[in-house]
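Colleague: I'm new to this one, and I'd like to learn how to read it. Could you walk me through a few features?

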Amino acid sequence: MPHFILEYSANLEDDIDVAYILKELRDAAVATGLFPLAGIRLRAVCYEDYLIADGKADYAFVHLTGILGGGRSLAVKKAAGQQVFDTLAACLADSDNSRLLAISYYMYEADPVLSYKQNNIHLSTLKIKHKARHTMPLTDPLAILIIISAFLAALVSSAFAVGGGFIMIAVLSNVLPMQYVVPLHSPMMLGLSLGRTFAFWRDIQWRIVIPFASGSIIGAFSASPLYFHLPAFLIALVIALFILLATWVPAITWHITIPRPFFCVGVLHSFFSTLFSFGGLFQPIMLRQAMSRFKIVATLAAGLLFMNLLKISAYTLQGFDYSEWLVVIIAAILAGIPGAIAGRQLLHCLSENKFRFFFRLAMTAFAIKLLYLAWVLY
């Protein structure tokens, strides 16, 4: 599931590109975050024999039927249905403006008992361009929210060494479809990493950054093919659990000694970060290093900058299209640079205990919302 059946009158054959409409509808279905790519079926039927209204004019019709599996709330189905219908209407805009045309879309749930199916189209055989569905102008309230969040994320990370990534992932997961959250998190974080790298350049410990970045090559490029096969509910569930664990679980003391530790950390951290935006290793290990906060912030910034660049390259290699989001990404990067500089100025002025208290409350609220989303998507 789902199945989409596009029906249209024969007098539209010269006006519409049916293959293009089917591809756009497929992308819209994927973008809702509700439907696995391997389960989507689309087909079109052209009708030579039809009668519309009084039949006196060259009336035309396009009707889409969507059949989906059960288990989703009415609000979720309504939002997904609206997104699909908006895509259909956009594809037919020229015909709608030039002739008498009726456009409709009905959505039905299949009976779970009386539905029979067998599918050997496995996700591993799929190769599709993971294209974002909507261009987001800077005047869009969501774009403004993302840009402000990029500034705050950079400020928090510069002042406390951690926390900025949580802010960005929490915001993105609440305004974007889940499949796009993780790939878009990396470029949105570039401003944070660039700003901190620039602000703390002299404090960077390259003996740590170079092996970490080298390991990230393996982690990012081995995990990126797996990411686009993950169901949306699993992405939301794991991100929520990562937030709760990182926010509330006490720090673990590491006593394990391994050769070239930061190369191994780079492999593992980037692997999990490519899948879920959180690696969970680099930051806690760096916070336990015997060095000043300035050096910790600087080294984290440089290491994560290289890792995010590698992740973006890996997602792009898999077919993810960043062009639709380019304007917002650039604005978020630019907002992150002054945020990092402001955070450096506040490094000694902010109460870390108060920050951690309110930060935990906010992140817990976001995590609970993500857990609910995971349950709905499941």
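Modeller: Let's take salt bridges, then aromatic rings, then contacts across the chain and a surface patch.

Modeller: Some ground rules come with it: this is a predicted model, where local features need pLDDT of at least 70, side-chain atom pairs count only at pLDDT 80 or more, and totals for chains, interfaces and linings use all residues. Residues are numbered from 1 along each chain as its sequence is written, and side-chain values use heavy atoms, with hydrogens and water left out.

Colleague: Fine. How many salt bridges does a search of the whole structure find?

Modeller: The general idea is that side chains of opposite charge can pair when their charged atoms come close. Here the cut-off is a side-chain nitrogen of Lys or Arg within 4 Å of a carboxyl oxygen of Asp or Glu. The search finds 4.

Colleague: Which residue does Asp 58 meet in a salt bridge?

Modeller: Its partner is Arg 99, at 2.6 Å from N to O. Asp 58 sits in the loop between β2 (41-47) and β3 (60-68), and Arg 99 in the loop between α3 (93-98) and β4 (101-109), so the pair links parts of the chain 41 residues apart. Those labels are DSSP runs, numbered from the N terminus: helices are H or I with at least four residues, strands are E with at least two. Arg 99 is buried at 16% relative accessible area; buried means under 20%, exposed over 50%, and partly exposed in between (1.4 Å probe, protein chains only).

Colleague: And what about Lys 77 and Glu 109?

Modeller: Their side chains also form a salt bridge, 2.7 Å from N to O. Lys 77 belongs to helix α2 (residues 74-91) and Glu 109 to strand β4, 32 residues apart. Lys 77 is buried at 18%, while Glu 109 is partly exposed at 39%. As for networks, salt bridges that share partners join Asp 15, Asp 58 and Arg 99 into one.

Colleague: Now the rings. How many aromatic pairs does the structure hold?

Modeller: In general, a pair of aromatic rings is described by the distance of the centres and the angle of the planes. Rings of Phe, Tyr and Trp (its six-membered ring) pair if their centres lie within 6.5 Å; planes under 30 degrees apart are stacked, over 60 edge-to-face, and the rest tilted. The structure holds 11 such pairs. One of them is Phe 242 with Phe 276, tilted, with 6.3 Å between centres and 55° between planes. Phe 242 is in helix α9 (residues 232-248) and Phe 276 in helix α10 (residues 261-276), so the pair ties together parts 34 residues apart in sequence. Phe 242 is partly exposed at 22%, whereas Phe 276 is buried at 9%. Elsewhere, Tyr 47, Tyr 50 and Phe 61 make up one aromatic cluster.

Colleague: Where is Phe 166, and how far is it from Ile 243 in space?

Modeller: Phe 166 lies in helix α5 (residues 164-175) and is buried at 14%. Phe 166 and Ile 243 are 77 residues apart in sequence, but 7.1 Å apart in space, C-alpha to C-alpha.

Colleague: Last one: which residues gather in the patch of negative charge?

Modeller: Glu 13, Asp 14, Glu 48 and Asp 49, on the surface. Patch residues have over 30% relative accessible area and no salt bridge, with like charges joined within 9 Å. Glu 13 is placed in the loop between β1 (3-9) and α1 (18-31), and is partly exposed at 43%.

Methods. Patch = residues over 30% accessible without salt bridge, like charges linked within 9 Å, V, L, I, M, F, W, Y side chains within 5 Å. Areas by Shrake-Rupley, 256 points an atom, 1.4 Å probe, with all protein chains shown as cover. Lys, Arg positive; Asp, Glu negative; His and termini not counted. Charge placed at Lys NZ, Arg CZ, Asp CG, Glu CD.
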